[in-house]
Amino acid sequence: MQTPVAKSKPLPSATAPSRHVYDVIVLGSQLGGALAAALLAKRGYSVLLVEHDGTGPGYEHDGFVLPYAPFVAPALKTMPAVEEAFAELGITTTIQRNQQPHVPELQLVLPRHRMDLHTDAARRRAELTRELGAPGESLLADLTATGTQHEPSDAFFKEGPPLPPDGILERWNLNKRMRQHPGLETEPKLVGEDETSKLLRGLLPFVNHLDQPTSALARTRPLSQALQTPWRYPGGRDGLRQLLFERLTELGGDLLSPENTDTYVVEELHFEGGRYSAVKLLRSDTLYRSSCLVSATDAGALRRLITDRKKHRALSEQLDLSTIKSFLFTVNWVLPEAVLPRGLGELLLLDTQDVELGPLLIQLHPARTPDGKEDPSLRVVCAGGFVASSVRDLGEGYLQSLAMRIDGHLEALMPFTKDKRLLRSAPYLDAGAVRGSRLMPHPHYTFDSEAVLGVTGLKQHTPTKNVLLAGREVLPGLGLEGEFLAGMRATRLVQEMLKKKAVLKR
């Protein structure tokens, strides 16, 4: 079954915005920043979003636009606070119209079993008991319970708690709220040691940004959201970002991205005394000034823009608290649809039996060309597994060997297709001039700081008072929802900082 693709409107063509002074500049392409920029524009603030590390709609290779990684988006109803923010922007209907389930919703592939996990309870029971016998009933009960484990904590996140807390008062208020929501500490239900339960837990790394999460909340909420219905959005993460960019520009915000200008990479941040004052773009003498900066790029990328680290030591030290431990390494195959095995699902979790790679998440996409057209006769098979960040230092030969190991798993999954493929591509090896974090579309982090509820990372407030963080390192244990929640809180913090009366726009 082919998922309809949303026809995104082209972003306005421009070399540079006509204005150079804003209320707020959002730096980076992560989804929390995109949401914050759109919400602030909606509330009457002048906003410039500089994409800086943006991935664009994918990367080009030999006539195809290919995804950087597989991407699973939970249903909006599992993220009620985020759903409210999207409703404010007027994009809920668009998302719900375009977001669709995979067919089947999830397919599990183990050495001795292959199971289709349909949403329909009767079909799911029949499949599990057919493959596993009596233990299938126990697994079904665990899966059913897991799919609702996000619900006891919904009300807590809908209140917009100060996560991570900044200062004694915020911590006191947060502790008070936490005591009112015992569901935050609900232990995971999917705890079986059978190979199928272990494989299902292997989905967790693909839906959060913490390395080895240990808290109950970090292990239950993102997994529960994803397992209830693992949705696809046309264009994946980049499709969601594009939708928010379009809404930003419709609301009067300005955007510098690879889609509309050659000048979108920031060279350095400028400061006046202890305060941020402006951003300077690469190959440009223009300074874009703003009252505050919201960073939606990785901490390492932001740190590199601080040219005088001694003078801004406190900010640099906060950014140093984050370390990338692993990242999602992806291989794409372009194949004729006709050669795909019958019954191959659109979203698969594959048990590789490979200690280094772990499970592979495999997602089928329509094949796209650089002009945006789809070829209905072709499919992109996108397979990703997590590898240690240190492999980047082992040279291209080792990265090629990783890609070949993934190739081997795809060959075993889809026999007799290797000779039919039109292209094999790995973004880390074949994405051309793509830089930095774009080659790590889904990193996992560790932090030298307290993890409140086991889900927090870097504080949004920084020692540079008018610089706020809204990237995926703020609430890494909540995955995609955490990115959006960080953007929503950054929006409130900007409003408090600027003390400007919001003027809602249509």
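Guide: A cavity is a set of points, on a 1 Å grid over the protein atoms alone, where a 1.4 Å probe fits but cannot get out; a pocket is an open set with protein on both sides within 12 Å along at least five of seven lines, and lining residues have an atom within 4 Å of a point. Points are joined across faces, edges and corners, and a volume is the space filled by probe spheres set on them. In this structure the largest cavity holds about 90 Å³ of space, and there are 5 cavities of 30 Å³ or more.

This is a predicted model, in which local features need pLDDT of at least 70 and side-chain atom pairs pLDDT 80 or more, while totals for chains, interfaces and linings use all residues. Residues are numbered from 1 along each chain as its sequence is written, and side-chain values use heavy atoms, with hydrogens and water left out.

Visitor: Which residues line the largest cavity?

Guide: The lining consists of Phe157, Gly160, Pro161, Leu163, Leu475, Leu485, Met488, Arg489 and Arg492. Helix α15 (residues 479-498) gives the most, with 4 residues; helices (H or I, at least four residues) and strands (E, at least two) are DSSP runs, numbered from the N terminus.

Visitor: How do the residues of this lining divide into nonpolar, polar and charged?

Guide: The division is 6 nonpolar, 1 polar and 2 charged. Ala, Val, Leu, Ile, Met, Phe, Trp, Tyr, Cys and Pro count as nonpolar, Asp, Glu, Lys and Arg as charged, and the others, Gly among them, as polar.

Visitor: What is known of the second largest pocket?

Guide: Its volume is about 630 Å³. It is lined by 28 residues, and Arg201, Leu204, Pro205, Gln212 and Pro213 lie nearest its centre. The elements giving two or more residues to this lining are α9 (216-228), β13 (322-336) and β16 (374-388).

Visitor: Why is Gln212 called exposed?

Guide: Its relative accessible area is 64%; buried means under 20%, exposed over 50% and partly exposed in between (1.4 Å probe, protein chains only), so Gln212 counts as exposed. Gln212 sits in the loop between α8 (195-201) and α9, and has a positive phi of about 55 degrees although it is not a glycine.

Visitor: Is Arg283 buried or exposed?

Guide: Arg283 is exposed, because its relative accessible area is 64%. Arg283 belongs to the loop between β11 (275-281) and β12 (287-295), and its phi is positive, at about 60 degrees, although it is not a glycine.

Visitor: Why does Lys459 count as partly exposed?

Guide: Its relative accessibility is 39%, so Lys459 is neither buried nor exposed under the cut-offs above. Lys459 lies in the loop between β18 (443-447) and β19 (467-469). Neighbours within four places in sequence aside, Lys459 is in contact (heavy atoms within 4.5 Å) with Pro164, Pro165, Asp166, Gln318 and Leu469.
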